[in-house]
Each structure stands twice: as C-alpha cells, then as structure tokens.
Amino acid sequence: MASTIAFITAVVACAAVICLLMFFNISDITASGLVRYTTQEIVDASGIQIGQNIFAIDSKKVQQRIKERFPYVDQVRLHRYLPTSVELEVVETQAAVAVVGAPDRYTLLSKSDRIVEQVQDVSTEGLPLVVGTDFTQLPVGFEATQEALDALEKQARDNQKKKLDPPPLLEETRQALDVMVMVHYVLDAAEQTGFEGIRYIDVSDPLCLTVLYEDRVLIKLGTELELPYKLKFAATVLEESGDYFSGTVDVSLSATNQRAYSREEDIMPLLQEDYLEGYY
C-alpha cells in the first residue's frame, strides 16, 4: 500500500513538473511606471527571456540587474500573470540632494542616498545643496547607506580570512554614510520645524554643522543634537533681526543655555568657496 502511494505521488509530481515546463513558458513581457527609461531597455536589462519558465525567474536578481544599469530605478516589482505573462513594475526615483564638489561638478543623490547622476550644472534643480565634502569621484549607483556598508564590511571580513584585499569603496562608503547621516539630521529637523530658506548645509566640520540661510545669514548649529530646537531658536532670532539682517547667528549652545549669538557682518569671506564661485 505504501509503495503504491509513493508511486502515485511520484507520478503526480512528474506530471506537475511536465506541466510547468510545457504550459508556463513566458510569451509576453511588459514594464510599467516608466518615465526616464523605455520598456525595451528595462526588459533587456532584466535578463528575462521569451520562452523562459515563468516560475524560474529570480525576482531579486532581476531587480539587481535593472538597478545596476539604471540609477534612477528605485524598486522593481515582478508580477506573474499565469499562464505566460510577466510585468515589471518599476518605481523610479528623483534627485533629492546635490553635493557640491567643485563649481562645475555636482553629485545628485536620491532620497535613498543613492548616487543617480554626476552633472555639471544644477542651477535649475532647486535641490538642497551640501558643501564641505566631495562625491564626484564616486560612481553612479553608489549607495551611502548602512545596508551597503554592512555588506562591504562582511565582504571585508571574508576577504581577510582568505588573505585578500578589502573590497573597493569600503572606506569611501563609511565616509559618505557619515556625511549623509548629518545631512538627514538637518533636513529632517528643518522639515519637522517648518524651517525654510536653507541654501546649503556645510558638513566640513561634523562638530559644527553650518547652514546658509537665504544667502545672507550663516547659522552655526554645532553638533546634530537638539537640531529641531536649535532651528526653532534660529527662526526666532531671524524674525527679530528683520529681513535686512546679514551676518552670522550661533545657536550651537542654545539647547543648554537658551541663548543665541548674532553678529551683523559681511558673510562673503565666510562662505564655502565652491558655493561662492558657483552660486553667490
């Protein structure tokens, strides 16, 4: 009896495999959600082939292939429509921050801190600017994220066991991640408090973050601690100083002593050089 059941099970399993191989081969591949790229470009990059079995597709590898080729692609969702159709639902991203590397070189990053483009002009982009660092030597597709760093550090440990060199871009990823963490601290605090008018964020000194407000006031924020409070305090000082005030406002210690230090002065000598040459 047991052998009969085993035989029937084996026959059913073989029949199922044969059905999968014969009746679920892809005949139609489409893509949706596209703005920058064409359907043909996405399909070609995916590696999915007409005639391939619909259940043999590795969705993670498909997303990896497409994202490696097209930096503005943020996500790819694979939809199988039985028996033979596949749709690639693409979620594209946009530039969210521009890192000023030199007067004519800018690095655009998405909201997920992925480099989407290296450009020569962002004067019309209207993006938050970051100065005091340089990402222009990093490749498009580079990710300044904790996930990327974790993967590289794991690879570095594996390489060390095999007496191999560390993976490329390991140290650059650490440094870029530190920068973007500081940038997000400032941007998140500005959004939380409704503080508008920031022209650039200077990350050259992590112990003294500085922002340029409306091309006329340099605001010294100090460390990332209590940034929402500091920006609220700075907004109060700016309101009291009037629309024609130009100079510096130091709120780096305002969270501890409830005081700000303002000074009316010409800020041009104090501005970050690359910004001064390219924008001011």
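**Figure 1. Lining of the largest pocket in the predicted model.** By class, six nonpolar, seven polar and seven charged residues line the largest pocket. Nonpolar means Ala, Val, Leu, Ile, Met, Phe, Trp, Tyr, Cys or Pro; charged means Asp, Glu, Lys or Arg; the others, Gly among them, are polar. The pocket holds about 670 Å³ of space. Its lining has 20 residues, and Lys67, Arg114, Gly141, Glu143 and Ala148 are the closest to the pocket centre. Helix 3 and helix 4 (146-161) are the elements that give two or more residues to this lining. On a 1 Å grid over the protein atoms alone, a pocket is an open set of points where a 1.4 Å probe fits, with protein on both sides within 12 Å along at least five of seven lines; lining residues have an atom within 4 Å of a point. Points are joined across faces, edges and corners, and the volume is the space filled by probe spheres set on them. Helices (H or I, at least four residues) and strands (E, at least two) are DSSP runs numbered from the N terminus.

This is a predicted model: local features need pLDDT of at least 70, side-chain atom pairs count only at pLDDT 80 or more, and totals for chains, interfaces and linings use all residues. Residues are numbered from 1 along each chain as its sequence is written, and side-chain values use heavy atoms, with hydrogens and water left out.

**Figure 2. Helix 2 against helix 3.** Helix 2 (residues 39-46) packs on helix 3 (residues 59-69) at about 125 degrees, with axes 8 Å apart. Helix 2 is therefore oblique to helix 3. Angles under 35 degrees count as roughly parallel, over 145 as roughly antiparallel, 65 to 115 as roughly perpendicular and the rest as oblique. Axes are lines fitted to C-alpha atoms, for helices over the stretch in contact; angles run from 0 to 180 degrees between N-to-C directions. The crossing is right-handed. In a right-handed crossing the near helix is turned clockwise from the far one by less than a right angle; anticlockwise is left-handed. Glu41, Ile42, Asp44, Ala45 and Ser46 of helix 2 touch Val62, Arg65, Ile66 and Arg69 of helix 3. Contact means heavy atoms within 4.5 Å. This contact has four nonpolar, one polar and four charged residues.

**Figure 3. Helix 4 against helix 5.** The axes of helix 4 and helix 5 (residues 170-193) come within 10 Å and cross at roughly 150 degrees. That makes the two helices roughly antiparallel. Their crossing is left-handed. Helix 4 contributes Gln146, Ala148, Leu149, Leu152, Glu153 and Ala156; helix 5 contributes Leu170, Thr173, Arg174 and Leu177. Six of these contact residues are nonpolar, two polar and two charged.

**Figure 4. Helix 5 against helix 6.** Helix 5 and helix 6 (residues 227-241) pack at about 60 degrees, with axes 9 Å apart. Helix 5 is thus oblique to helix 6. The crossing is right-handed. Tyr185, Val186, Ala189, Ala190, Gln192 and Thr193 in helix 5 meet Leu227, Pro228, Leu231 and Lys232 in helix 6.

**Figure 5. Backbone exceptions in two loops.** Most residues other than glycine have a negative phi, and most peptide bonds are trans. A cis peptide bond joins Leu82 and Pro83, with omega about 10 degrees. Pro83 sits in the loop between strand 2 (73-81) and strand 3 (85-92). Asp215, not a glycine, has a positive phi of about 60 degrees. Asp215 lies in the loop between strand 9 (209-213) and strand 10 (217-222).
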